[in-house]
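Hi,

Here is the structure I said I would pass on. Have a look at it first, then read my notes below.

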Amino acid sequence: MHPDELAALRSPAGAAALTAAAQVLAAPGGDDPLAAATALRTAGVPAPLATAALTQAALRARAAGKFGPAAARMFFTRAGLEQATRAVVADRRAARLRAAGVRHLADLGCGVGADTLAAARAGIRVYAVEADPATAAIAAANAEATGLADLVTVVCADATDVDLTGVDAVFCDPARRSGTGRRTFDPDSYSPSWDFVRDLVARVPRTVLKVAPGIDHALIPPGAEAEWVSVDRDVVEAAFWCGPLAGPSRRATLLRTGRPAAGLVGDGGEAVAVGPVRRYLYDPDGAVVRAHLVAAFAATVAGTLADESIAYVYADTPTDTPYGRCLEITDVLPFSLKRLRAVLRERGVTRLEILKRGSPLDPAQLRRDLRLRTAAGAGVAASLVLTRVAGAPTALLGHPLGAPGR
């Protein structure tokens with residue numbers, strides 16, 4: 001977004017255009033770009049402003065899942081929205097920083113301001129730094145739109161050049177996209193560079209680094225706490241808490257809509273006993289797996305593994321746990337397409353959930369190959385787990401704990 005475009009959207013005419021654009025998009029046929037643009041121009045909105053308003057209204061609608069009602073007052077770019085921290089995650093981090101005594105935070109690479117706004121909502125004064133002029137302008141506009149401008153100072157600068165004297169903590173979320181806009185998983189391609197990010201800890205001991213969930217554990221700074229966060233079973237980020245902010249060496253934080261947050265901690269190095277498949281299979285949350293805390297999770301359900309390299313946990317009794325899903329296993333089959341197809345037909349299965357770990361099979365292709373029969377009614381539902389047991393390809397058939405149609 002060009003700064004002039006942002007200024008136009010923030011004007012009274014722009015506000016009216018945004019309201020009209022939201023109404024057009026919500027109306028029947030609003031998903032037709034040509035029809036939506038025509039409707040706005042017919043209402044007297046100039047073409048350039050109409051295009052900007054429709055783009056922004058669509059981004060706000062998408063942003064509601066991350067930011068809730070506040071999204072309707074904020075401004076976004078596509079890349080900025082994709083990289084922005086979800087409000088529930090940013091608010092939890094801000095509360096932890098505030099509880100640790102942080103009162104003045106530098107947010108390096110603030111983007112559209114998600115973490116900056118969360119820190120300000122927690123009562124922390126934020127010095128927000130963003131290298132891209134248009135994105136910095138959006139961050140400042142979002143601070144004003146959400147009533148937090150008094151606690152936020154946004155500067156357009158290279159994070160590697162700013163003076164951190166006077167702040168008592170740093171949050172750094174390096175850009176993880178290449179020059180073509182594609183997401184990069186190589187820390188050496190981060191901006192600012194990984195060397196700069198890593199060295200922040202020596203400059204400001206209370207530092208939090210947000211990184212991709214797939215980060216190599218070898219890159220965790222010495223003495224840091226590495227936390228993986230999931231929201232509704234979707235792993236959304238990892239963060240390294242450094243210096244006095246660090247707690248246990250590994251943490252998995254699980255956030256669920258309508259449920260209290262859950263956290264599992266450990267050192268990530270514990271071993272898990274290996275044994276046979278048992279009646280109940282637990283599929284640990286991705287944050288638990290990424291944090292290398294499968295052993296810590298297994299201990300909470302008295303579980304074991306059936307293959308030392310596969311993160312499925314098995315137990316004899318069911319346990320209500322926030323750390324993973326539980327399936328009741330009815331059949332353990334050496335993998336054979338013919339045998340599996342016969343069992344599913346024998347059971348009258350017409351709806352099949354397919355899970356896999358340690359299997360090269362493509363679930364979509366397997367579903368086609370199984371040729372499940374259709375049913376006039378709801379039919380019988382089942383869960384199929386493709387995995388390895390003691391190194392051998394295995395199919396486990398069952399259903400989620402408490403599901404009907406056993």
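Two bits of housekeeping. This is a predicted model, so local features need pLDDT of at least 70 and side-chain atom pairs count only at pLDDT 80 or more, while totals for chains, interfaces and linings use all residues. Residues are numbered from 1 along each chain as its sequence is written, and side-chain values use heavy atoms, with hydrogens and water left out.

Now the overall picture. The chain has 13 helices and 16 strands; these are DSSP runs numbered from the N terminus, with helices being H or I of at least four residues and strands being E of at least two. Along the principal axes, the C-alpha atoms fill a box of roughly 65 × 55 × 35 Å. Contact here means heavy atoms within 4.5 Å. Among contacts in the chain with a separation of 6 or more, 67% are between residues 24 or more positions apart.

Next, the inside. A nonpolar core is a set of buried Ala, Val, Leu, Ile, Met, Phe, Trp, Tyr and Cys residues joined through side-chain atoms within 4.5 Å. The largest one has 47 residues, and Leu 108, Leu 164, Val 170 and Phe 240 have the most contacts inside it. Another core lies apart from it, with 36 residues, among them Val 24, Leu 40, Ala 50 and Leu 54. In soluble globular proteins, nonpolar side chains tend to be buried together.

What does Phe 240 touch, not counting residues up to four places away in sequence? Its partners include Trp 194, Val 208, Leu 209, Ile 215 and Glu 225.

That last name comes back when we turn to charges. A salt bridge is a side-chain nitrogen of Lys or Arg within 4 Å of a carboxyl oxygen of Asp or Glu, and the structure holds 19 of them. Glu 225 meets Arg 251 in one, at 2.7 Å from N to O. Arg 251 sits in strand 8 (residues 250–256) and Glu 225 in strand 6 (residues 225–231), so this pair ties together parts that are 26 residues apart in sequence.

Arg 198 and Asp 195 both lie in helix 9 (residues 194–203), three residues apart, about one turn of the helix. Arg 198 is partly exposed at 38% relative accessibility, as are Asp 195 at 45% and Asp 199 at 40%. Elsewhere, a network of salt bridges links Arg 93, Asp 115, Asp 173, Lys 210 and Glu 237.

One last stop: Pro 318, in the loop between strand 12 (313–315) and strand 13 (324–334). Pro 318 counts as partly exposed because its relative accessibility is 40%. Leaving aside neighbours within four places in sequence, Pro 318 is in contact with Tyr 280, Tyr 282 and Leu 401.

Cheers

Conventions. Buried means under 20% relative accessible area, exposed over 50%, partly exposed in between (1.4 Å probe, protein chains only).
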